[in-house]
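Please give a short briefing on this protein model. Keep it plain, and group the points by topic.

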Amino acid sequence: MLEQLSIDQPSYLRKDASESTVMAPPTNPNPADSSAKQSLEAGLAALKQQDYPTAIAILESVTKTAANQPSGIRAQMGLVAAYKATGNVKKAIALCSSLAKSPNSQVKTWADRALKELTPPRPPKPPENKPKSAETPPETGFVAFDAGTKSPKKSLGGDRPTLDKKTGFLPLEPVVEPGNTKSPHISPPPPPPTPPIRPTSEGGHGGTAPTETAPDTEISGENSSGSPTDIPGVASPDIYQLTWREAGRAKSPRPLKPLKLLEFRIQAVASALALFFLARFVLQFLLTNTNSLLVQLYIFTRLPIFAPIQLFYRDPTPFVQMVFGLLLASSPWLIDALLKLFCGIETLRGSVLSKHSKEASRVLRSFCTKQNMPVPVLKLLPLNVPVAFSYGGLPRFARIAVSRGLLEQLTDDEIATIFARELVHIYHWDFAPMSLALLVIQIPYLIYWQVAHWQERLCDLMTIEFLRSAVKFVAAAISATSYGIYKLFRWPMLWLSRRRVYFSDRTAAEITGNPNGLTRALSKIAIGIAANIEQQKQTSFFLESFDLLLPVGVGQAVTLGSAALHAPLEQILLWDVSNRERNWLTVNRAHPLLGERLKLLALYAQFWKLETELDLANAGVQEQPRKGKLSLFKSIIEFKDSKLFLQGAPFFGIPMSLAIVGVLWLIGGIFSRTSIWQLDWLWGDRSIIWGCLPIGFSIGTLMRINYFFPDITPRETASPSLPEILSNPESLPLDAEPVRLEGQLLGRSGMSNWLGQDLILQTATGLVRLHYVSRFGYIGSLWPFLFKETTRPSDLIGTSVVATGWLRRGATVAIDLESLSSQGGRVSDSGHPIWSAILAFAAAFWGAYIIIQGPR
């Protein structure tokens, strides 16, 4: 019980992600407090090193010499943590009672909340789970395997492989030595340097209603918004402690309704075909424009070297067909080689898997025997981040890769649920098109990554400034173009990527009879990904390039995983299960909302009459709209007046422009039957259709621009905590709140981040992504010297910054930057509103030009 009620270390006792020194609050000019500062820091350092006797001795001396000063208050707060760690709860309670009498209201509030943490609560009553027939999940007919016992996890550190550094390539992610063994209660990975975090997720069904906080995951010591109380002169401790209920599993779960796999597989093939045609279009576009550029250079220089390449004029369809066929047929071996080259992947022996999860081994054998399919080859990634994925072209050659971090940070039954998910991907055959898509998008991504990396080495060897500038110019163009193609190639597979997650979650829960174990596993994976980003100070190339195959999306895990240790999971997932427009806002995401997924798992647990790990099963329930004769008309009117319409105005403006085309055609048709012949050209003019489409986009963009970018004034600029941001279930990206947040800027350095691909602000309560657009567009980001703009956001990586901009809450949380300023006075200005306006006017002029040119 004491472990579950343990108080987290105060924020001033934690080590900042960018520094090796202990964080301290603003200095106090009081000379007495200054004299005690050195002893205080020594005591806090001893506390961080878990040298509790030394810490207690030093901090007690500080409290005697500076009892009523800020240093003394900090020392007393540190003593609470030290007493608790040594089991002296009575002294901790007594000290908190003394602090509760402080005249400082915020110190008193903190002490009161700490007392609640230290005082054992009454054991919670098990909730009555009544299955809802209306929300009975569909089924597959699998029978759960026998529940495995939970065994403590052992470290894999003894037989850790060494990466081959003679390849000449930059590794996907630095290999970090594993930390402590897993804990059944607290799951954040061992070495995150900043405050740990909790998971997030996505889903597909739900409504609106606040959730009740579970007794075992209750926050103590935080206000209603979930943010810690700020004490003047004293860094306030975050005393929320992440714990798990360890809810049970079903021994003989009732079967669920079978899935419609035929329709799903047809849609998977359709996604792969869409990727094929997109790849063909992009390749033909690049070849045609390359030859056009060569022709212009040849005309200008008359040099034979610039003669157009005749091969580029041929139809690229046969070539793309051959490449796709080769990639699909050799996908398991190509991905093996890719992971071996950059990650040092190795074979995962069955004995090693059984050592960490006997149930996972049993699930592998039983499921494959029952479905008459070969057991997949198991691979081990020597990475600390907890991930798992399956790949291959045929079940006979399928692979399941898991990371060392997943085996060490998850428990026996949780590992089994993740293996069950990957087996389902193989059984459903969706792993084949996803493996093909992964290899296709790896081509532009590897070009982007390696060109950005090798240009730095090449420029270091050059002494002539002109050559260095020329190399940077060409490399920046190639790297940026390749990254844009990588993002474009993801689009055809996004729907399949989201859809297959729902199927695998549900079937895995049925195979193991353990939806609560899968809930904990997904949550811990999100926490681990966020912790890995904090530890590495960037999003690793591995996480970004393999995002399509991971159990939890990296974009979700950044914020939700980092906030999970600062507020209850039900609180930070409330938007995912209750926002009415959430499904529209996930169309550009590779994974469904984590909260939606965890809610479905809670419904499965409720259906099997189990206690739920999270109180999400009844969250987000909405009243059904009244039906009537005018319900369709009313719904159209309500949609027109809703925020969602304004949110998507640029895109809704495109079909609305077709209505304008219809009116113009009607006018032309009427006048073609009269003597007024001047307007009869409007009838049937297709150029009007093509011209009105960009004009509609322009009108929609201008309609929302003032709502999207409200004026930022110092008085109206807020500094919310991450739990506060995540707790509003009604917010949309349109509700742009001007914010000003301080923290450390994380992200990749160098050319790989010139476009702001990986900008993350590390705040006291979690991680937030930043979106940046140069005032001069992409040209200003790639070649700022052309406009005398010398500061990119990537130049400020690793420094303390102040980010000012517009907060967007959608499927993920991000800030559209207005400016990014460092403590050294360097400022990087962004131009989101400017380029929204430029884009709108450019689209309008383009549409007008098409109409003026007329049909060809």
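How many aromatic pairs does the structure hold? The structure holds 20 aromatic pairs. The model is a predicted one. The points below take up aromatic rings, charges over rings, helices, strands and cysteines.

**Aromatic pairs**

- One of the aromatic pairs is formed by F342 and W449, with 4.9 Å from centre to centre and 50 degrees between the planes.
- F342 has a relative accessible area of 4%, so F342 is buried, the cut-off for buried being under 20%.
- W449 is buried as well, because its relative accessible area is 1%.
- F389 and Y391 have ring centres 5.9 Å apart and planes at 35 degrees, so this pair is tilted.
- F389 is buried, with a relative accessible area of 0%.
- Y391 is buried, and its relative accessible area is 0%.
- Ring pairs also build a cluster, whose members are F342, Y445, Y448, W449, Y483, Y486 and F541.

**Charges over rings**

- R457 has its charged end over the ring of W454, at 4.9 Å from the ring centre.
- R808 has its charged end over the ring of F708, at 3.8 Å from the ring centre.

**Helices**

- Helix 13 is made of 31 residues.
- From the first C-alpha to the last, helix 13 reaches 44 Å, close to the 45 Å expected at 1.5 Å a residue.
- Where does helix 13 have a kink? The kink, of about 30 degrees, lies at Q442, shortly before the proline P444.
- Helix 20 (residues 594–607) is made of 14 residues and reaches 20 Å from its first C-alpha to its last, close to the expected 20 Å.
- Helix 20 is mostly covered, with 14 of its 14 residues buried.
- After helix 20 comes K609, whose phi is positive, near 60 degrees.
- As a general point, residues three or four places apart in an α-helix point the same way, because there are 3.6 residues a turn.

**Strand 9 and its partners**

- Strand 9 (residues 813–822) is mostly covered: 8 of its 10 residues are buried.
- Which way do strand 7 and strand 9 run, parallel or antiparallel? Strand 7 (residues 766–771) and strand 9 run parallel and are joined by 3 bridges.
- H771 has D816 in strand 9 as its bridge partner.
- Strand 8 (residues 800–809) pairs with strand 9 in the antiparallel sense, over 9 bridges.
- A803 has L820 in strand 9 as its bridge partner.
- Strand 8 and strand 9 form a hairpin, and 3 residues lie between them.
- Strand 10 (residues 827–829) pairs with strand 9 in the antiparallel sense, over 3 bridges.
- S819 has D829 in strand 10 as its bridge partner.
- Strand 9 and strand 10 form a hairpin with 4 residues between them.
- In the turn of that hairpin, G825 has a positive phi of about 95 degrees.
- As a general point, side chains in a regular strand alternate between the two faces of the sheet.

- In what order do the 4 strands of the open sheet lie? Their order is 1-2-4-3, and the pairing is mixed.
- Strand 1 (346–347) and strand 3 (388–391) are the edge strands, each pairing on one side only.
- Strand 3 and strand 4 (residues 399–403) run antiparallel and are joined by 4 bridges.
- A388 stands opposite V402 in strand 4.

**Cysteines**

- How many disulfides does the structure hold? The structure holds 0 disulfides.
- C368 counts as buried, because its relative accessibility is 4%.
- C692 counts as buried too, because its relative accessibility is 5%.

How values were computed: Residues numbered from 1 in each chain as written. Predicted model: local features only at pLDDT ≥ 70, side-chain atom pairs only at ≥ 80, totals over all residues. Heavy atoms only, no water. Phe/Tyr/Trp six-rings, centres within 6.5 Å; stacked < 30°, edge-to-face > 60°. Buried < 20%, exposed > 50% of the residue type's maximum accessible area, 1.4 Å probe, protein only. Lys NZ or Arg CZ within 6 Å of the ring centre and 35° of its normal. Helix = DSSP H or I, 4+ residues; strand = E, 2+ residues; numbered from the N terminus. Expected span 1.5 Å × (residues − 1). Bend = angle between axes of the 7 residues up to and from the residue. Pairing = 2+ DSSP bridges. Disulfide = S-S within 2.5 Å.
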